[in-house]
Amino acid sequence: MSGTFVGMPAFPKAAHEAVGNTTLRANLRHATHTIRDKRAKAVAELDDWALLREAGKQIKDHTLRHLDTYLVQLEETVTAAGGTVHWATDADEANRIVTHLVKETGECEVVKVKSMATQEIGLNEALEEAGIAAYETDLAELIVQLGHDRPSHILVPAIHRNRGEIRDIFTKEMGEWGRPAPEGLTDTPAELAEAARLHLREKFLRAKVGISGANFMVAETGTLVVVESEGNGRMCLTLPETLISVVGIEKIVPTWRDLEIFLQTLPRSSTAERMNPYTSMWTGTTDTDGPRAFHLVLIDNGRTDTLADEVGRQALRCIRCSACLNVCPVYERAGGHAYGSVYPGPIGAILSPQLRGTTSEIDASLPYASSLCGACYEVCPVAIDIPEVLVHLREKVADQGGPGHRLERAAIKAAGWILDHPGALAAGERVASRTRKLHPKKLPGPGAGQWTNSRDLPQMPAEPFRDWWKKNRT
Amino acid sequence: MSSPTPPSSRERILARVREALTDAPETPEPTRDYLPTHTIDDAATVLDLLHENLADYRAFVHRVADDELPSFIGTLLAENGVRTVAVPPGLSARWLAASEVEQLLDEGAPGGAVLTPYDLDAIDAVVTSCALAIAETGTIVLDGGPGQGRRALTLVPDLHICVVRTRDQVVASVPQSLPRLDPGRPLTWISGPSATSDIELDRVEGVHGPRTLHVVLLCP
Ligand code: SF4
């Protein structure tokens, strides 16, 4: 099963180890650069990209502003369509609800389609403890699960693995879980995909319970939307008798029409496609098609805390496209695991410390895991100003302990790691002066006692971050 | 909402949302200044774009005149070595009239029975109609209507032949598609055969859904 994030070292230590791993760095560099260029092309096809981005941002903001209304409306529409809605304040409650629902069916295995929410709450581990086997069916998730590994990217959780490593994992592990890998499996992607197809097919055909997340939930109609590529999502959503969807409360859009924006921006931002191969939409249950029972588990798990922060709440607009990871110079060098969370990269650096609080070293150091270059903001399809939130969270970390505090030391080390990796900075400096609204009230490095005197900072200078840092810390 | 203590998780979450938003500024009605379509309003142009985008994502695209459809499907099935075809309820019998394959009718079709996932796994192909097609994204949308069947039918067999009536089933853009779709029905949007980008972010066609997708553009 996938390893745990608990007890992760703070960002700089984990990042340092990642940088030492040349295979990992090469894999990441290759993958992120490939997708970067493709995304830019897919986006350039739409003349009205900026307007789609603005509309997406506004719709998400409007939804968050009236989240209580839309949650209640969604509950009504899902229920009217034959679904059952459950509410979970935290991960434990969500896990208890899902475990109970699976047990009620009398089944002891489930098939799963990739879902950040179920990773966030550690559902697979909770099910395992209850004697229920959860099979991940997304190819990358399968690679992670079979490799006893942790995901390192939102969209491509096994991005840190190259084809040779994947071949080795399949050959060694598939037999332990079901149908073994074919004899003489090579490392061509087509053969690896075929091996996954054969391995998982028997599990799909016999599955009685499917577990999913959702990319969108439409309050007006009660419709859930899952966007995917491989067809494993369709299998999990269609073949089982019972479907359980675990979804964060921020995934709502108010109206059916709103999908016209996100179905244009999400595929182009994430896989750089005009449209992903498969999108499934369902509303409650349908008599002769698909699961007879549908359960929607709505999870809070720190989202309402995030919502309460006037600067930080914009992180809840995120549609998990992963474009910000693919352009981030720090992510490219540090790798996803260094972020110590299922949410890596720039979005992880602002989401994890808000969902979990900043009481651990890893979470306190995350807001420093950035050169503030602003590339993430530029590509974000819902215009989340990640640098602005990072600076805001740095202030919060700085406020929470006295000089020399354990968390401050972790934070300052993260900043130091960035400065020690000129590549992570240089790539960023091109856009550094374009990032606006960076007005930290206090300096972002809380450990350097000589300037933690609470003085107000002037406006973010137009000069690059590194110069600014050098000047200010001495 | 006035149930006795302790409050339910539902009430607690809603209360926390409301508290979090106490000082949040009101948001304006979202502006929708983006384009309803990126394509000029000309049927031939839209059809060409659909053709091009479907093919770009490795669907096989064919333009076929209505009176040639039965023989075309018959030949296509034979060329692909198909012996058995799943038939959704409401599929025009004429479409398969020139095909020498065993036809397995799903529930709802006259003489049909529920095909289990295992039955479907043993079937070579499925032939369906669609609800509509979107040119700009190279997408066909199925809604379980006549000739389309339930979702499993177009998922488990390895070859899918989908017939698009070009006269009235093609729209240019995503914004044009949603008003024509009924969210109350289970919808499947298909853009090319199943694919993955999970190995080094390179796209590979053919994972769990049908590995081969033929789209027949039925021209009047
Ligand atoms: S923050 Fe923006 S760019 Fe990053 S994953 Fe979320 S939506 Fe995509």
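## Overall form of chain B

A compact globule of 220 residues would have a radius of gyration near 17 Å, whereas chain B has 22 Å. The C-alpha trace of chain B spans about 70 × 45 × 40 Å along its principal axes. These values, like those that follow, come from a predicted model.

Chain B contains 5 helices and 12 strands. Among its contacts with a separation of 6 or more, 67% join residues 24 or more positions apart.

## Surface and charge of chain B

Of the 220 residues in chain B, 56% count as buried. The chain exposes about 9300 Å², and carbon and sulfur atoms supply 52% of that area.

Chain B carries 17 positive and 31 negative side chains. The centres of these two sets lie 6 Å apart.

## Overall form of chain A

Chain A has 22 helices and 10 strands. Of its 474 residues, 67% count as buried. Chain A exposes about 15700 Å², of which carbon and sulfur atoms supply 49%.

For contacts in chain A with a separation of 6 or more, residues 24 or more positions apart account for 76%.

## Confidence in chain A

The mean pLDDT of chain A is 85, and 84% of its residues reach 70 or more. Over residues 428-474 of chain A, however, pLDDT stays under 50. For this stretch the model has 81 contacts beyond four places in sequence. Where pLDDT is low, the predicted coordinates should not be read in detail.

Most residues other than glycine have a negative phi.

A:S322 is not a glycine, yet it has a positive phi of about 80 degrees. This residue lies in the loop between α13 (303-307) and α14 (323-327) of chain A. Is A:S322 buried or exposed? A:S322 has a relative accessible area of 2%, and therefore counts as buried, the cut-off being under 20%.

A:L372 is likewise not a glycine and has a positive phi, of about 60 degrees. Where does A:L372 lie? A:L372 is found in the loop of chain A between α17 (361-365) and α18 (375-379). A:L372 counts as buried because its relative accessibility is 3%, which is under the 20% limit.

Conventions:
Residues are numbered from 1 along each chain as its sequence is written. Chains are lettered from A and ligands numbered from 1 in the order in which they are written. Side-chain values use heavy atoms; hydrogens and water are left out. pLDDT is the predictor's confidence in each residue, from 0 to 100. Contact means heavy atoms within 4.5 Å. Helices (H or I, at least four residues) and strands (E, at least two) are DSSP runs, numbered from the N terminus. The radius of gyration is taken over C-alpha atoms; the globule rule is 2.2 Å times the number of residues to the power 0.38. Buried means under 20% relative accessible area, exposed over 50%, partly exposed in between (1.4 Å probe, protein chains only). Accessible areas come from the Shrake-Rupley method with a 1.4 Å probe; for residues, only the protein chains shown count as cover. Lys and Arg count as positive and Asp and Glu as negative; His and the chain ends are not counted. The place of a charge is taken as NZ of Lys, CZ of Arg, CG of Asp or CD of Glu.
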